[in-house]
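Here's a quick briefing to read with the structure open beside you.

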Amino acid sequence: MDLDSLYQEIILDHYRNPHHAGLRDPFEAEVHHVNPTCGDEVTLRVHLAEDGTVRDVSYDAEGCSISQASASVMTDLVIGKQLSEALDTHGVFLELMQGKGQVEPDEEVLEDGIAFAGVAKFPARVKCALLSWMAFKDAALQASSKEETHA
Amino acid sequence: MDGLLTDLDVIRKDFPILERRVANDLPLVYLDSANTSQKPQVVIDAMVDQLENHNANIARAMHTLGAESTYAFEAARDKVAAFLNAPSRDEVIFTKNASEALNLVARTFPLGPGDRVVITEMEHHSNIVPWQLATERAGAELRWFGLTDEGELDLSNIDELLTPGTKVVALTWVSNMLGTINPVAEIARRAHEVGAVVVLDASQAAPQLPVDVQAVEADFVAFTGHKVTGPTGIGVLWGRTELLDSLPPFLGGGEMIATVSMEKSTWAPIPHKFEAGTPPIVEAIGLGAAIDYISHVGLDRIHAHEQAITGYLLDGLASVSGVRVLGPLDPTRRGGAVAFELAGVHPHDVAQLLDSRGIAVRAGHHCAKPAHKRFGVQSSTRASSYLYTTPAEIDALVEGLEFTKNYFKVG
């Protein structure tokens with residue numbers, strides 16, 4: 001087993017210094033996701049601008065290095081993007097994680113997220129990497145449907 | 001080291017999987033026996049022999065193989081009864097696991113509004129959730145014993161908790177997370193004073209302690225086959241005859257009836273009343289072989305071995321800075337499952353790093369979230385030994401933890 005392919009330096013950096021951590025106002029939707037097998041948890045808020053830009057994603061996460069680093073990388077990738085584009089990125093990351101190590105990561109889209117390519121080879125850890133991404137998608141869709149109701 | 005099984009080398013040879021090499025050809029160091037134990041060759045052979053030479057359904061097939069299978073299945077029940085020192089073999093009910101055994105009691109035991117069920121904060125989820133469901137259904141009240149900082153049951157409010165309205169006291173004999181051995185006989189005595197029945201989860205006790213249901217004056221005892229070197233898919237509920245007779249059936253179906261008409265059915269006597277459908281025949285026979293095996297080694301000797309290894313493990317963990325053990329630190333007051341934290345490294349990452357060195361431990365909440373919450377942690381790493389565990393394997397764990405700290409640059 002190649003530990004270093006799992007614990008890329010980028011992942012350990014994000015783990016030690018997570019970006020956009022903490023819960024902030026304002027937000028349109030807040031979700032709480034757990035990984036029932038291990039108890040990892042994330043509370044995550046999404047703030048959308050009126051033009052559909054993801055203005056902020058803030059979170060409070062408790063979990064392993066993979067799940068913490070994944071939350072940090074995810075916020076880097078989605079904040080400032082149009083929601084549709086952020087959800088596309090989610091799809092690309094999901095495909096990478098579910099690819100059993102056979103999917104070549106697209107650095108153009110995933111940036112630091114390509115460091116998680118190795119995680120896909122460790123089935124027990126894929127859920128860790130996906131926890132915050134799934135929470136983001138859930139919260140973003142909730143926030144977006146609220147905006148539509150108000151519009 | 002005092003207490004170690006003197007024939008440890010011979011015992012290890014009984015478990016073929018211990019020859020496995022993992023993680024780039026390193027020897028397997030299996031420290032996850034509280035999760036599931038490994039299986040000796042005699043258990044594997046007994047199951048293969050049943051499938052190869054005797055397979056038939058039981059209690060209904062009027063032919064040679066049917067008779068052989070029925071005999072082997074019922075012989076397993078005799079073995080379990082002897083293992084538990086049960087007064088009657090008919091009090092041994094085969095289930096698919098300990099969870100089903102506990103659910104059987106929680107689902108069928110009569111509870112009504114105002115009744116109370118008392119559990120503890122150190123229960124496995126399988127001895128919490130069924131009682132939550134049961135008390136919600138009945139409009140009854142669920143209370144629990146808390147824990148001391150040392151990881152033992154806090155019995156200071158026992159007089160307040162055990163009232164005449166208390167119908168059931170359900171608790172674990174040995175904690176799967178903290179390792180604590182609970183004073184079950186004393187609690188049973190107090191529970192009986194108020195007329196409550198006592199349900200013991202012996203899932204972690206049965207592998208490593210002599211379990212005598214009469215000595216502790218239990219009313220129901222549940223355990224699972226796969227933690228006592230038997231297969232998965234087979235568990236046991238033992239209950240006192242008069243209680244089992246008084247409970248309604250749990251699952252309806254084949255084999256649990258006396259007669260069936262379209263309007264109404266009557267029930268078979270125990271144990272069959274609680275064994276609807278074709279049971280896990282091969283698994284029960286495997287469990288019988290497992291009980292023969294550990295009884296042959298001797299539960300007293302296994303217990304002494306576990307205490308010796310656990311003491312050595314606790315010493316080893318104490319030598320690693322940043323490790324905090326959750327649960328009693330005295331090896332004579334605890335079982336062989338030791339949960340701990342390693343400062344600055346999440347349990348998932350600890351387990352991953354150890355796995356890269358061939359060491360299997362468990363990371364997570366071990367199905368005991370409330371107990372983790374009590375100690376202010378979300379999850380932990382758990383190393384658990386069994387009769388085949390060697391001091392050298394503990395050394396490998398301790399070295400693995402130092403390697404982990406180094407890898408994550410902590411401590």
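**Lead**

In chain A, strand 2 (residues 41–48) and strand 3 pair up in the antiparallel sense over eight bridges. Keep in mind that this is a predicted model. Chain B brings an open sheet of eight strands with mixed pairing, and its residues are divided into domain 1 and domain 2. The two chains also touch: 14 residues of chain B and eleven residues of chain A take part in the contact.

**The sheet in chain A**

- Reading across the open sheet of eight strands, the order is 4-11-10-9-8-5-6-7, and the pairing is mixed.
- Here the edges belong to strand 4 (92–95) and strand 7 (153–154) of chain B; each has a single partner strand, so one side of each has no neighbour in the sheet.
- At the strand 7 end, strand 6 (residues 141–147) of chain B pairs with strand 7 of chain B in the antiparallel sense, over two bridges.
- B:Leu147 has B:Leu153, in strand 7 of chain B, as its bridge partner.
- Helix 3 (residues 64–84) of chain B lies across strand 4, strand 10 (220–224) and strand 11 (235–239) of chain B. That helix runs at about 115° to strand 4 of chain B.

**A helix pair in chain B**

- Helix 2 (residues 41–54) and helix 9 (residues 281–297) of chain B pack at an angle of about 150°, and their axes are 8 Å apart.
- Because the cut-off for roughly antiparallel is an angle over 145 degrees, helix 2 of chain B counts as roughly antiparallel to helix 9 of chain B.
- The crossing of helix 2 and helix 9 of chain B is right-handed.
- Which residues of helix 2 of chain B meet helix 9 of chain B? They are B:Val42, B:Val43, B:Ala46, B:Met47, B:Gln50 and B:Leu51, and on the helix 9 side they meet B:Val282, B:Ile285, B:Gly286, B:Ala289, B:Ala290 and B:Tyr293.

**Two domains in chain B**

- Domain 1 of chain B takes in 8–36 + 299–407, and domain 2 covers 44–296.
- Taken over C-alpha atoms, the centres of domain 1 and domain 2 of chain B are 28 Å apart.
- Where they meet, 25 residues of domain 1 of chain B are in contact with 27 residues of domain 2 of chain B.
- On the domain 1 side, helix 10 (299–318), strand 15 (337–342) and helix 12 (369–374) of chain B are the elements that give two or more residues.
- Helix 10 of chain B has the largest share of that side, with five residues.
- That side of domain 1 of chain B has 13 nonpolar, six polar and six charged residues.

**Where chain B touches chain A**

- The contact uses 14 residues of chain B and eleven residues of chain A.
- Helix 11 (347–355) and strand 17 (362–364) of chain B each supply at least two residues of the chain B side.
- The largest share of the chain B side, four residues, is from helix 11 of chain B.
- The chain B side is made up of three nonpolar, nine polar and two charged residues.

- Most residues other than glycine have a negative phi, and most peptide bonds are trans.
- A:Asp25 and A:Pro26 are joined by a cis peptide bond, with omega about -10°. A:Pro26 is in the loop between helix 2 (9–16) and strand 1 of chain A.
- The peptide bond from B:Ile270 to B:Pro271 is cis too, with omega near 5°. You'll find B:Pro271 in the loop between strand 13 (265–267) and helix 9 of chain B.
- A:Lys100, a residue other than glycine, has a positive phi, near 50°. A:Lys100 is in the loop between helix 4 (83–97) and helix 5 (107–110) of chain A.

Methods:
Residues numbered from 1 in each chain as written. Chains lettered and ligands numbered in written order. Predicted model: local features only at pLDDT ≥ 70, side-chain atom pairs only at ≥ 80, totals over all residues. Axes fitted to C-alpha atoms, helices over the stretch in contact; angles between N-to-C directions. Parallel < 35°, antiparallel > 145°, perpendicular 65-115°, else oblique. Left-handed = near helix turned anticlockwise from the far one by under 90°. Contact = placed C-beta atoms within 7 Å. Nonpolar A, V, L, I, M, F, W, Y, C, P; charged D, E, K, R; others polar. Domains from an automatic or database assignment. Pairing = 2+ DSSP bridges.
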